[in-house]
Amino acid sequence: MNTQAKPLLKLEDVYKEFDVTGGFWEQFRWENGRPVRKKAIVKAVNGVTFDIYQGETFSVVGESGCGKSTLARTVTGLLQPECGKIFYDGDRIDDLSYSQKTPYKKRMQMVFQDPYASLNPRFTVRKTLEEPLFFHYPELTREQRLDRIAEVMEQVGVHPAWAERFPHEFSGGQRQRISIARALMVDPEFIVADEPVSALDVSVQAQILNLFMEAQEKRGLTYMFITHDLSVVAHISTRVAVMYLGSLCELSPGGEIFNNPRHPYTKALLSAIPRLGEKKAKHIRLKGEVTSPLHLPSGCVFHKRCTYAKEICTQEIPTPFTAGDNAAVACHGVEQGWVG
Amino acid sequence: MKKYWRRFKNSFFWFSFRRDPVAIASFSILVILAILSFSAPWIAPHDVYESSSIDIMNSELPPAWMEEGSSDYMLGTDIQGRDMLSAMLYGMRLSILIGLGAVCLQAVLGVLIGLIAGYVGGKVDSFLMRVADVQLSFSTLMVAIIISAIFQLAFGLAKYEDLAVPLLIVIIGLAEWPQYGRTVRASVLGEKKKEYVEAARVIGLPRWWIMFRHILPNTLSPVLVISTVQVANAIMSEAALSFLGLGMPVTKPSLGSLINSGFEYIFSGSWWITLFPGVLLVTLVVVINLLGDWVRDVLNPKLYKR
């Protein structure tokens, strides 16, 4: 990657935890004959560090429950990280109050996963799209706003004449186009897309992905793309980050990760992609189950399932190191050369 | 306007209304009763608030079709010589007024508190909901009895007669807001996790705007459903209070105070003073409840009946 470019978004050692204990009285347990107060904490994101550069498509992949969506919501400020820093264009944004974040919201938008829940069912398309303009560009007249709505609707492939319709009158794909239009309304430079195509048909997925790429070309957008679909990743990504149990395993340029996966987890994940003409399945079978994020294992989070795990993996948390062409891998084995 | 009318005519609401005879019947009865009661000053044969028109000699006359009945007083007269029909029309007007007023107050209080508790959450939520629990653990009647007894003592009976209507509205309104508060909070908790609310937060809309423009309209259908039932409940509470002598004074009788004033004479043969207002009250409450049931079925698609 171009190291001279200034990072648009910078995450430094971000942690996000959720308290799932429930009420006050549920925190108490009897242990050895006396009550002990104990909280159940899900560690959703653990010390994630990365930069996203202007104009790239940064994908985050991982299986369900690995913290991808939590990461996306932390980046957009919907969730407050427990510790760590988030910088946007050089300014720290994670410790700002809701209203202090307003100027950044104009520059950073989000597209959600479920097209059926992400539009207010009681708002017409025009109202949904008008709202962001209303707040971020109060100087616009009504005509200017309507012009802009028509323009953006045209761009995302929804006929502007449908502006007075309600969300339930549209199909899933069309709704997702409207969601994208809403994100584009404020003319942002950075869009976080949280599994934007996983709720859609395969044929519609391709259309929506093309729409994302078109918009990127026209407006010079930067994407952070959350997905679990590896074919989507291959289609659009400049760089790919692989997450497992809230930690980054590997961060590589798009082509590199498919041709030359380094981390044992990435290898296993990529071997699960079905290929045409393959005689014998060469899946790497992992042992055991995904560990619960309630009780993270010591050392490397992956060591219980890793076929290469050694003593050091159970004790020390691996730190990412640069391997090859701009690929960062967090694995003792790769670093010391016993994973090939 | 025409557009809205067309949308209404094409809606499922209108469609299911037309196909439900119970809904049509109860709605028509309710409308007739409401029109009758609110036009009481013009259509009632006698003005029951005008003491000079009341003659004590006419007291306890039976209905017109009975032997001693007079054609002047179709449904007979009460113990003070007031025309029962007129008194019932005026009384129903008061009952409906108090019912609607109390429900408006309940709804405003409950929706506001429920919305804030549900959206803000945390300690605010716990505090407001415990207040609601405490409020619910007292029965409406008990709260009402205490307040109106204190009020009658403090301001005297003369003042009480003037202020009885707003006072009853406030009492019944304050006593029942937790019904709304809890319902609204529950649906706010469901709505605020949906992605359209998150999208609104990503856009950076002000909190109050998200609460009132995005979440509130999506929580209104349960509010509408309980509103109908609550109107009936409020009318019942008012009648119960009046029956206990803590509601509307005898000079301005509501349906409840009419029932009460006749109750003492029911065994001396003057059954009509209690029976007619009683039948009217039951009809009113039943009709509103039936309508409420229908509204609940229509607004909750999970309960489609086939």
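User: Before we start, when do two residues count as in contact?
Analyst: When their C-beta atoms, placed from the backbone, lie within 7 Å. Keep in mind that this is a predicted model.

User: OK. Take contacts in chain A between residues at least 6 apart in sequence. What share joins residues at least 24 apart?
Analyst: 66% of them.

User: How many helices and strands in chain A?
Analyst: Chain A has 11 helices and 14 strands. Its radius of gyration is 22 Å, close to the 20 Å from the globule rule for 340 residues, so chain A is as compact as a globular protein of that length.

User: And what does the C-alpha trace span along the principal axes?
Analyst: About 70 × 60 × 40 Å for chain A.

User: What percentage of chain A counts as buried?
Analyst: 39% of its 340 residues.

User: Switching to chain B. At what angle do H3(B) and H12(B) pack?
Analyst: About 135°, with the axes 9 Å apart. H3(B) covers residues 21–38 and H12(B) covers residues 272–299. That angle makes the pair oblique.

User: Left-handed or right-handed crossing?
Analyst: Left-handed, as H3(B) passes H12(B).

User: Which residues make the contact?
Analyst: H3(B) brings Val22(B), Ala23(B), Ser26(B), Phe27(B), Ile29(B), Leu30(B) and Leu33(B). From H12(B) come Thr283(B), Leu284(B), Val287(B), Ile288(B), Leu290(B), Leu291(B) and Trp294(B).

User: How many of those are nonpolar, polar or charged?
Analyst: The contact of H3(B) with H12(B) has 12 nonpolar and 2 polar residues, and no charged ones.

Methods. Residues numbered from 1 in each chain as written. Chains lettered and ligands numbered in written order. Predicted model: local features only at pLDDT ≥ 70, side-chain atom pairs only at ≥ 80, totals over all residues. Helix = DSSP H or I, 4+ residues; strand = E, 2+ residues; numbered from the N terminus. Rg over C-alpha atoms; globule rule 2.2 N^0.38 Å. Buried ≥ 20, exposed ≤ 12 C-beta atoms within 10 Å, placed from the backbone. Axes fitted to C-alpha atoms, helices over the stretch in contact; angles between N-to-C directions. Parallel < 35°, antiparallel > 145°, perpendicular 65-115°, else oblique. Left-handed = near helix turned anticlockwise from the far one by under 90°. Nonpolar A, V, L, I, M, F, W, Y, C, P; charged D, E, K, R; others polar.
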